[in-house]
Amino acid sequence: MMIEPTSATSKLAPHASLGISAKSSNAKSLKSQTEIDADKSKNKKIRYELQRHSQSLFYDRNAIKQHRVCSCHRNLTGDSIAIFRKVDQSEARIAGLVSCGSAWVCPICNAKITEARREQMQQAITAHSKAGGSCLLMTNTFPHEIDLPLDEGLSKFAMALDHWKNSRTYKRIFGTSLASIQYAETRGKPLKKVTKGEFPIVGSVRSLEVTHGSNGWHPHTHQVLFMQDESLLNSRRAIDELVESWCVSLIHAGLGDNSKLNDMLTHALDIRGGDYTADYVNKFGREPELYNGWTIAHETTKANSKAGFRNLNGDFHATPFQLLKMSLEGDEKAGALFLEFGRCFEGKRMNYWTNGLKDFFSLNDLDDEDLAAESAEVEVEEEVVLYLNAEEWRLVLKTNARGELIEAARIGGKDAVMELLDILPYIKHSHSGAYSVNRPKGQWVN
Ligand SMILES: [Zn+2]
């Protein structure tokens with residue numbers, strides 16, 4: 001059973017964008033470099049505002065230890081900070097700040113982490129397609145109910161996925177992943193039991209996502225399947241078997257029952273070809289509509305042009321960062337939902353690569369905190385704009401001006417930053433300016 005394409009990706013020619021570079025999408029090529037730099041800078045400023053809001057949602061004055069996002073890009077790693085900019089004025093950054101490495105609730109760290117995760121997936125897809133392989137995109141979900149708490153939905157969903165991966169049907173169709181067999185052999189510990197699949201899989205990368213819509217939370221996974229070819233898509237029998245066995249696993253885990261079976265058979269599992277995979281990976285972690293000023297109202301009224309945030313049934317669903325933005329705009333329910341999301345997803349992995357697959361493509365295995373940390377590698381030469389002492393930094397925090405600071409440094413350099421610092425004492429202080437010096441992650445002092 002195949003589900004008909006519903007999104008804009010159906011217009012893509014088969015394989016046209018497989019392995020496409022993140023930097024070569026059509027929308028970007030129509031803009032000048034100056035406009036692209038300005039957009040990036042604007043996005044950074046919005047991310048700082050959203051991060052500040054996430055910090056205020058998670059900050060608990062009675063807690064001894066705060067959520068790690070609370071100290072992110074506030075606390076100093078030493079006793080001063082340095083502002084850098086690229087000599088071509090394309091970007092500026094602040095060095096000497098703590099990064100929290102929370103991919104789920106920190107918009108600043110999320111941008112860095114998802115960028116790195118997307119690049120890794122693109123490298124693997126490009127290498128696989130060059131070697132003659134095919135990548136499919138599989139989406140797993142379940143019928144969601146308004147009253148199902150997110151933590152319960154997530155644990156049952158994980159149980160269903162586990163049950164399914166161990167089912168006879170799954171093992172017979174995909175077999176033992178070829179990368180894991182190779183990995184075990186190169187380590188001198190060959191696997192004891194190997195199943196040869198009808199449609200052998202090299203390995204897969206699974207990403208966990210969640211949206212919130214009129215029927216409550218909607219956890220789902222997208223999985224890039226590294227296959228030898230696309231022949232699975234031509235086997236109706238094999239796909240029907242996978243769909244049916246996934247429904248059995250959902251019912252086993254308590255997510256659905258026989259009364260919903262027709263709906264589940266139609267919507268709970270979707271497998272598509274390579275062009276969808278490339279499109280999905282190219283968009284991974286990106287929320288352009290969010291950063292270009294789209295609000296939920298725009299989303300609902302311009303529903304047809306916004307396929308990216310629709311589920312397979314066509315209902316509107318908000319991403320967690322859209323909930324955060326709605327909360328920033330005054331929606332209390334959205335704020336409570338964002339907190340529930342953050343608490344339930346803390347510690348969960350964003351991407352799961354099957355055993356041996358990163359080695360198969362010779363990719364590094366870095367964790368989120370490494371990816372969020374400042375990178376010493378820069379493509380364009382940087383110059384120091386200015387060093388700020390702790391008191392100057394406190395003023396920036398009090399006036400919530402981190403985004404403005406970066407923008408001033410990028411465009412006007414040292415003079416513009418000094419001008420901004422001169423104005424800040426006269427701007428109404430919106431925040432306490434709390435931060436700490438020489439503090440490791442997660443520690444907060446007032
Ligand atoms: Zn962070």
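Start by selecting the zinc ion: Cys72, Cys100, Cys106 and Cys109 coordinate it through their SG atoms, at 2.2 to 2.3 Å. Donors here are N, O and S atoms within 2.8 Å of the metal (3.2 Å for Na, K and Ca); water is not among the atoms, so sites may look incomplete. The model is a predicted one, in which local features need pLDDT of at least 70 and side-chain atom pairs count only at pLDDT 80 or more, while totals for chains, interfaces and linings use all residues. Residues are numbered from 1 along each chain as its sequence is written, and side-chain values use heavy atoms, with hydrogens and water left out.

Stay on the zinc ion and check the geometry. The 4 donor atoms subtend angles of 106 to 112°, so the arrangement is tetrahedral (four donors with all angles between 85 and 135 degrees). Along the sequence, the donor residues follow the spacing C-x27-C-x5-C-x2-C. Colour by accessibility next: Cys100 is buried at a relative accessible area of 1%, and Cys109 is also buried, at 1%. Buried means under 20% relative accessible area, exposed over 50%, and partly exposed in between, with a 1.4 Å probe and protein chains only.

Now show the aromatic rings. The structure holds 14 aromatic pairs; rings of Phe, Tyr and Trp (its six-membered ring) pair if their centres lie within 6.5 Å, and planes under 30 degrees apart count as stacked, over 60 as edge-to-face and the rest as tilted. Select Phe321 and Phe338, a tilted pair with 6.4 Å from centre to centre and 35° between the planes. This pair links distant parts of the chain, with Phe321 in helix α12 (residues 320-328) and Phe338 in helix α13 (residues 332-345), 17 residues apart. Helices (H or I, at least four residues) and strands (E, at least two) are DSSP runs, numbered from the N terminus. Phe321 is buried at 5% relative accessible area, and Phe338 is buried at 0%.

For another pair, go to Phe360 and Phe361, which sit edge-to-face at 5.1 Å centre to centre with 85° between the planes. Phe360 is partly exposed at 31%, whereas Phe361 is buried at 13%. Then select Phe58, Trp104, Phe321, Phe338, Phe341 and Phe345 together; they form one aromatic cluster.

On a 1 Å grid over the protein atoms alone, a cavity is a set of points where a 1.4 Å probe fits but cannot get out; a pocket is an open set with protein on both sides within 12 Å along at least five of seven lines; lining residues have an atom within 4 Å of a point. Grid points are joined across faces, edges and corners, and a volume is the space filled by probe spheres set on the points. The whole structure has 3 cavities of 30 Å³ or more. The second largest cavity holds about 40 Å³, and its lining includes Phe142, His144, Trp217 and Pro219. β5 supplies the largest share of that lining, 3 residues.

Finish at the second largest pocket, with a volume of about 910 Å³. Of its 32 lining residues, select Asp162, Lys165, Arg206, Tyr352 and Thr354, which lie nearest its centre. α4 gives the most to this lining, 7 residues.

Key:
Tetrahedral: all angles 85-135°; square planar, octahedral: opposite > 155°, others 65-115°.
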